Structure formats: structure tokens, C-alpha cells
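Dear colleague,

Please find below the structure that I am handing over to you. My notes on it follow directly after.

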Amino acid sequence: MHPYETEGRQKVAIFLATVSVFLVWILDIVLGAIKYEPQWWLSVPSFAGFYSLVCWTFDHHLWRLRIFNLLGLVKAPDLNGEWSGWVNSSYTQGTTQTPVSVVIRQRWSKMILRLETEHSRSHSFAATLKTDDLPYPEFVHLYVNEPKSNAQDSMNTHRGTAILEFKDAGLEGDYYTGRGRSNFGTMKLRRNSDTA
């Protein structure tokens with residue numbers, strides 16, 4: 001997985017720090033109620049410990065909860081899951097829809113997209129999820145594509161960029177490849193119902 005950019009990271013960091021301070025305060029009240037005074041080396045790292053735990057929990061699980069979306073803390077859509085669809089490439093003059101399968105693994109701080117066709121595999125190495133001032137969230141990612149052993153001799157490893165809108169529970173948009181392929185096309189994906 002690689003880090004990705006999205007709006008609202010600063011607000012979330014402030015929120016998680018505030019929650020951590022609150023938890024330290026609660027811990028202090030509880031320890032005071034049972035008349036226990038911890039050693040200085042135990043009490044000093046309590047904020048860092050709570051902050052680490054809260055950040056890990058938010059990163060892996062809590063960011064998906066709808067309440068954070070309603071509060072305006074999280075704007076990034078949850079793209080986790082298995083997707084199916086097609087790409088339409090300039091390589092075939094747009095006459096063929098090539099089936100693709102995609103797996104997206106996403107946390108609050110990191111994600112990766114893996115795409116596979118009959119003849120090649122791709123994986124993302126950088127991404128951003130843009131949500132501000134757009135009608136639909138936009139998922140932009142850079143990827144590396146590697147041919148399988150059954151690919152044509154003219155196909156080689158190359159980099160590319162895809163710009164996909166998340167709308168109507170699907171991802172669709174354009175992609176283009178870098179030097180070595182110089183193709184472009186469209187892509188349309190739908191999340192498989194059993195992984196939604």
C-alpha cells in the first residue's frame with residue numbers, strides 16, 4: 001500500500017489529538033478515583049499511547065463510519081473491494097471492450113489499486129482522492145503495468161495515469177499511458193456486490 005492525498009487530513013489529526021487528550025483526562029479521573037498514582041515514566045507517555053491507538057483504530061476502521069462523513073471530517077469515499085468492468089483502448093481503435101478485474105485496498109492513510117486483464121497486471125504507486133468543488137469524487141492514480149507471459153511481443157512494462165469519477169456506485173473515466181505504449185482510453189468499473 002502507498003500513501004494517498006485527500007482533503008481534510010488536518011481536521012482529522014486535530015480531532016484525533018482532541019480525543020486522545022479526552023481519554024488521558026478520563027484515565028486520570030479513573031486512576032484518581034481508585035487512589036492510584038502511576039510512576040512518572042508510566043504517566044508521561046499516556047498521551048502518545050492513546051494518540052497512537054486512536055490513530056491506528058481510525059486509520060483501519062473508524063474512518064469508514066458514516067458519522068465522520070456527516071460531521072465533515074471524512075470526505076473520501078470508501079473504495080475498498082473487488083471491482084469488475086472493462087477498458088476501451090486506442091490500441092484497438094476503441095472497437096474492443098477488454099474485461100478487467102480490480103481489487104482496491106484502502107485505509108484512511110494508504111491504499112493500492114491492482115488491475116488485471118487477460119494479458120497484463122497493473123498496480124498503483126501514487127494516488128489522490130479529490131472531493132472539494134467537484135460534482136463527484138475524483139480518484140486519480142499513477143500506475144505501473146506489466147505484461148503477462150502470454151502478452152504480444154509489442155507490449156512492454158509502462159507507466160500510466162487514470163482519472164476516475166466515483167458516481168452512481170461506480171468508477172469511470174479516462175486513462176493514458178506513458179512512453180513505450182502511448183495509448184489512451186476509457187475505463188468503467190462496478191463494485192462486485194458480494195464485496196460492497
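Over the face of which residue does Arg-159 lie? The ring is that of Phe-125, and Arg-159 is placed at 4.9 Å from the ring centre. Please bear in mind throughout that this is a predicted model. A further arrangement of this kind involves Arg-9, whose charged end sits over the ring of Trp-108, 4.6 Å from its centre.

Trp-108 also belongs to a cluster of aromatic residues: ring pairs link it with Phe-15, Phe-58, Trp-63 and Phe-68.

Aromatic pairs

A search of the whole structure finds 6 aromatic pairs. One of them is formed by Phe-47 and Tyr-51, which are stacked, with 5.8 Å centre to centre and 15° between the planes. Because these two residues are 4 apart in helix H3 (residues 46–60), about one helical turn separates Phe-47 from Tyr-51. Phe-47 has a relative accessibility of 33% and therefore counts as partly exposed; Tyr-51, at 26%, likewise counts as partly exposed.

Phe-58 and Phe-68 form an edge-to-face pair, at 5.2 Å centre to centre and with 80° between the planes. This pair links distant parts of the chain, since Phe-58 lies in helix H3 and Phe-68 in helix H4 (residues 66–70), 10 residues apart. Both Phe-58 and Phe-68 are buried.

Strand pairing

Strand S7 (residues 158–167) pairs with strand S8 (residues 170–177) in the antiparallel sense, over 8 bridges.

Nonpolar core

The largest nonpolar core comprises 31 residues, and those with the most contacts inside it are Leu-79, Ile-104 and Phe-139. Which residues does Ile-104 touch, not counting those up to four places away in sequence? They include the other two named above, Leu-79 and Phe-139, together with Asn-80, Gly-81, Trp-83, Met-111, Ile-112, Leu-113 and Leu-171.

With kind regards

Definitions and conventions:
Residues are numbered from 1 along each chain as its sequence is written. This is a predicted model: local features need pLDDT of at least 70, side-chain atom pairs count only at pLDDT 80 or more; totals for chains, interfaces and linings use all residues. Side-chain values use heavy atoms; hydrogens and water are left out. Two strands pair if DSSP finds at least two bridges between them. A nonpolar core is a set of buried Ala, Val, Leu, Ile, Met, Phe, Trp, Tyr and Cys residues joined through side-chain atoms within 4.5 Å. Buried means under 20% relative accessible area, exposed over 50%, partly exposed in between (1.4 Å probe, protein chains only). Contact means heavy atoms within 4.5 Å. Rings of Phe, Tyr and Trp (its six-membered ring) pair if their centres lie within 6.5 Å; planes under 30 degrees apart count as stacked, over 60 as edge-to-face and the rest as tilted. A charge sits over a ring if NZ of Lys or CZ of Arg is within 6 Å of the ring centre and within 35 degrees of the ring normal.
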